[in-house]
Amino acid sequence: MSPGQRSEHAAHQRALRASRDFAGRHLTEQAYPPYPVGDGRTLTFQSPAGGSLRGVETMARLDGEELMSAFRAVVTGLVTDWSPDGCWAAAGDNGDVLLWETAEWRRAGVVSVGAGVNDLAFAPGGSQLTAATTSMELRVVRLDPAGRPTGTVDERNGHAGSVGAVSWSPDGRHLATAGYDGRVLLWNPVAGRPRRVLPGDGTAVWSVTMSRDGSRLIAVTMGGSAFLWDTGTGTEVCRLRVDDRLPSCSFHLHDDRVVLGGSAGLYLCAVPR
């Protein structure tokens with residue numbers, strides 16, 4: 001897509017916001033922003049509405065190298081986790097989990113998990129891929145020693161609403177999930193049962209992540225609160241409210257700070273020892 005079409009994307013988005021009725025008849029929503037592929041053209045994710053797009057090529061018309069470039073861009077945009085050795089990439093698509101071998105970006109498997117996928121996380125040993133789903137269960141996709149799906153998918157129950165996020169500790173001893181039911185569950189990965197229930201502020205918990213040494217857990221909520229827990233005891237170390245909404249969080253490399261993503265920007269917070 002040329003620079004002119006990039007401005008068309010912006011015009012479409014403005015029209016969608018300004019007049020939903022007109023846009024519904026003539027335009028289509030673009031779920032992802034344009035992705036520059038490096039040669040002056042841009043990859044977009046849109047269905048043509050009434051033949052209104054011009055100067056556009058479908059992926060089916062691209063040659064081999066162009067197709068691979070576009071495919072890498074799509075996978076990079078969709079991927080939600082990498083295997084510990086970097087040989088596999090995983091993404092959620094409606095009720096399926098898709099796996100690619102990253103050496104040649106060849107799709108290696110599609111596993112049905114029976115519900116929408118909100119988040120994915122490989123276990124540190126690479127023996128399983130955990131999927132946070134919209135159906136209240138954590139789904140566990142079993143993988144063989146080479147990293148390919150075995151066909152077995154286990155269900156783990158504990159939340160009373162959609163599971164929004166999942167995170168492993170690097171040593172594989174702790175598994176945490178964030179739920180729209182307002183709770184964080186700390187699981188026994190071997191037994192497949194919740195070990196502790198960590199209450200939030202009553203609003204949906206959007207994101208959860210473990211510290212690199214596995215000793216701390218941070219989660220953020222739709223209500224704008226951030227919670228820090230000790231994973232060994234389940235004790236709440238501290239809580240902080242910094243925004244109206246906090247959709248994401250991450251530990252710093254040395255575990256002494258956390259970054260919170262909010263509606264007003266990023267927040268860098270020191271972690272109490």
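Modeller: Start with burial. Of the 273 residues in the chain, 42% are buried. This is a predicted model.

Colleague: What makes a residue count as buried here?

Modeller: Its relative accessible area is under 20%.

Colleague: What is the average pLDDT of the chain?

Modeller: The average is 79, on a scale from 0 to 100. A pLDDT of at least 70 is reached by 71% of the residues. Residues 1–6 fall below 50, yet this stretch has 14 contacts beyond near neighbours in sequence. Residues 47–54 also stay under 50, with 10 contacts beyond four places in sequence.

Colleague: Which secondary structure elements does the chain have?

Modeller: Three helices and 21 strands. Four of the strands form an open sheet, in the order β3-β4-β5-β6, with antiparallel pairing.

Colleague: Why are β3 and β6 said to stand at the edges?

Modeller: Each has a single partner strand, so one side of β3 (81–82) and one side of β6 (106–112) lack a neighbour in the sheet.

Colleague: How do you know that β3 pairs with β4?

Modeller: Pairing takes at least two bridges. Two bridges join β3 to β4 (residues 88–93), so the pair meets that cut-off. The two strands run antiparallel. Asp81 stands opposite Ala90 in β4.

Colleague: What share of the contacts with a separation of 6 or more links residues 24 or more positions apart?

Modeller: That share is 36%.

How values were computed. Residues are numbered from 1 along each chain as its sequence is written. This is a predicted model: local features need pLDDT of at least 70, side-chain atom pairs count only at pLDDT 80 or more; totals for chains, interfaces and linings use all residues. Side-chain values use heavy atoms; hydrogens and water are left out. pLDDT is the predictor's confidence in each residue, from 0 to 100. Contact means heavy atoms within 4.5 Å. Buried means under 20% relative accessible area, exposed over 50%, partly exposed in between (1.4 Å probe, protein chains only).
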